[in-house]
Amino acid sequence: MEKTLDRWFHLKERNTSIRTEVIAGLTTFITVAYILAVNPSVLSAAGIDSGAVFTATAVTSFVGTCLMALLSNYPFILAPSLGLNAYFAYTVVLGMGYSWQIALAAVFVEGVIFLLLSLTKLRDLIINAIPPSLKLAITAGIGLFVALIGLKGAGIIVGNEATLVGMFNFHDSIANGTFSTAGISAVLALVGILITAVFMAKNVKGSILLGILITWLLGIICQLAGVYTPDAALGYANLIPDFSRGLAIPSIEPTFLKFDFSHMGEIGFVTVVFAILFASLFDTIGTLVGAASKANLLEEDGSLRNARGALMAQSLTTMVGAAFGISPTCTSVECAAGITAGGRTGLSSLVAAILFLLSLLLSPFFLAIPMFATAPALVVVGFSMMGALFGVDFNDMTEGIPAFLCAISMPFTYSIAEGIYLGVISYVVINVFFGAEGRKKVSPMMYILAVAFLVKYVFI
């Protein structure tokens with residue numbers, strides 16, 4: 001068995017082991033399992049049956065992550081994109097007035113175009129055209145983005161009219177009676193961050209996974225003691241798995257193959273397709289480059305050896321997801337948690353894929369893991385990715401400023417793609433006006449990308 005897995009996944013070549021890959025896969029899955037609860041909630045706003053969305057999310061993530069493991073042998077996973085599911089529900093359906101069936105048709109068409117791009121040399125030209133400084137910035141930017149997702153999800157960082165964002169106010173929480181929900185969740189997340197950090201400082205194996213489980217256990221203790229009070233209406237679920245409804249799997253029939261291609265010729269439909277395409281393509285490229293850099297899987301020239309397989313897996317999964325009835329999938333940034341835990345091959349992805357499938361039967365267990373328990377993992381993963389910035393020469397403004405804009409834009413715009421757009425545009429503009437020496441560093445593809453991104457901002 002061990003020899004077979006090594007032959008398939010090249011474990012020894014990448015200096016990893018079956019045990020490490022299993023822990024990494026489990027860590028990745030637990031970190032991203034919240035999507036099984038969040039995706040049905042978001043897409044139900046568009047009128048889609050939430051039970052069918054849950055099943056479609058689990059099955060699509062299983063299929064996509066298996067494809068990623070087998071086609072690329074990278075420790076990445078594919079799951080519905082949080083940003084694109086919101087775009088699908090609130091912009092395309094509720095904002096533009098399209099039915100969810102038409103929106104699914106747009107997602108399917110985008111997947112087909114993505115697949116065609118994946119089969120051409122364009123994918124390599126795009127990935128290889130990104131200069132080393134921006135690749136390092138993408139890694140660090142994803143780290144900041146992942147940490148923000150964790151801090152926001154746990155309620156440590158909250159919206160603030162005066163300063164845009166702010167720290168959770170524990171004093172007010174106690175005064176207004178919300179400490180048993182929002183307050184204790186934020187406290188447990190902060191405790192979990194410290195616990196995970198201590199484990200990592202001591203080089204404890206599986207420290208991120210242990211941090212998640214211990215934080216969850218502390219939450220259960222708080223619930224049993226009456227310190228934490230579940231309130232599903234406010235998003236504070238019961239932390240104890242509830243198997244009272246059995247192991248029934250919701251039917252996928254309400255959403256399966258419910259396409260409506262009747263509006264394909266409309267400008268609005270085409271705009272939706274290309275908006276999704278831009279976001280999917282550069283979200284995926286950004287995550288692939290950033291996560292691969294963190295895992296030391298990039299080639300010496302900065303290229304990604306199996307980019308074709310990874311992008312093919314992405315496009316095929318988007319088409320499968322549309323057929324099952326959900327919004328676009330992307331390479332999930334939460335795979336960075338598994339990489340930090342030691343994942344280096346597709347075996348960790350395969351473990352995560354199997355857990356997605358098992359979640360159909362064990363959904364009460366997986367859905368009971370709260371966001372405040374996974375937040376510590378995302379925060380320490382963000383920390384581990386920030387070191388990439390040390391590779392950027394900030395004394396060279398033509399490299400440093402675009403890298404800074406790229407990295408800092410990802411958390412502030414809540415989008416990996418936006419960070420890449422601004423990084424590429426600023427890199428080209430600054431180097432063009434720097435002089436002949438700067439213009440020599442800009443490849444033809446970078447000019448094309450910069451123009452394309454500017455057109456996107458104006459027309460899409």
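Me: Hey, how are α3 and α4 oriented to each other?
Reply: Hi! In this predicted model, α3 and α4 are oblique to each other. Helix α3 covers residues 35-44 and helix α4 covers residues 50-72, and they pack at an angle of about 135°. Their axes are 8 Å apart.

Me: Why give both an angle and a distance?
Reply: Because those are the two things that describe a pair of packed helices: the angle between their axes and the distance between the axes.

Me: Got it. Is the crossing of α3 and α4 left-handed or right-handed?
Reply: That crossing is right-handed.

Me: And which residues make the contact?
Reply: From α3 you have I35, L36, N39, P40, L43 and S44. On the α4 side there are S50, V53, F54, T57 and A58. Sorted by class, the contact of α3 with α4 has seven nonpolar and four polar residues, with no charged ones.

Me: What about α4 and α15, at what angle do they cross?
Reply: The axes of α4 and helix α15 (residues 346-358) cross at roughly 165° and come within 8 Å. Angles over 145 degrees count as roughly antiparallel, so α4 is roughly antiparallel to α15. Here the crossing is left-handed.

Me: Which residues of α4 and α15 are in the contact?
Reply: α4 brings A58, S61, F62, T65, C66 and A69. α15 brings G346, S349, L350, A353, I354, F356 and L357. By class, the contact of α4 with α15 has nine nonpolar, four polar and no charged residues.

Me: New pair! How do the axes of α6 and α13 cross?
Reply: Helix α6 (residues 100-118) and helix α13 (residues 307-324) have axes that cross at roughly 160° and come within 8 Å. That angle makes α6 roughly antiparallel to α13, and α6 passes α13 in a left-handed crossing.

Me: Who's in that contact of α6 and α13?
Reply: Among them are L104, V107, F108 and E110 of α6, and R308, L311, M312 and Q314 of α13. The residues of this contact divide into eleven nonpolar, five polar and two charged.

Me: Switching to strands: in what sense do β2 and β3 pair?
Reply: Strand β2 (residues 157-160) and strand β3 (residues 164-167) pair in the antiparallel sense, over four bridges. Together β2 and β3 form a hairpin, with three residues between them.

Me: Which residue in β3 is the bridge partner of V158?
Reply: V158 has G166 in β3 as its bridge partner. Another pairing to look for is N160, which stands opposite L164 in β3.

Me: Let's zoom out. How many helices and strands does the protein chain have?
Reply: The secondary structure of the chain comes to 21 helices and four strands.

Me: And how compact is the protein chain?
Reply: The chain is as compact as a globular protein of its length, because its radius of gyration is 22 Å, close to the 23 Å that the globule rule gives for 460 residues. Along its principal axes, the C-alpha trace spans about 70 × 60 × 55 Å.

How values were computed:
Residues are numbered from 1 along each chain as its sequence is written. This is a predicted model: local features need pLDDT of at least 70, side-chain atom pairs count only at pLDDT 80 or more; totals for chains, interfaces and linings use all residues. Side-chain values use heavy atoms; hydrogens and water are left out. Axes are lines fitted to C-alpha atoms, for helices over the stretch in contact, and angles run from 0 to 180 degrees between N-to-C directions. Helices (H or I, at least four residues) and strands (E, at least two) are DSSP runs, numbered from the N terminus. Angles under 35 degrees count as roughly parallel, over 145 as roughly antiparallel, 65 to 115 as roughly perpendicular and the rest as oblique. A crossing is left-handed if the near helix is turned anticlockwise from the far one by less than a right angle, and right-handed if clockwise. Contact means heavy atoms within 4.5 Å. Ala, Val, Leu, Ile, Met, Phe, Trp, Tyr, Cys and Pro count as nonpolar, Asp, Glu, Lys and Arg as charged, and the others, Gly among them, as polar. Two strands pair if DSSP finds at least two bridges between them. The radius of gyration is taken over C-alpha atoms; the globule rule is 2.2 Å times the number of residues to the power 0.38.
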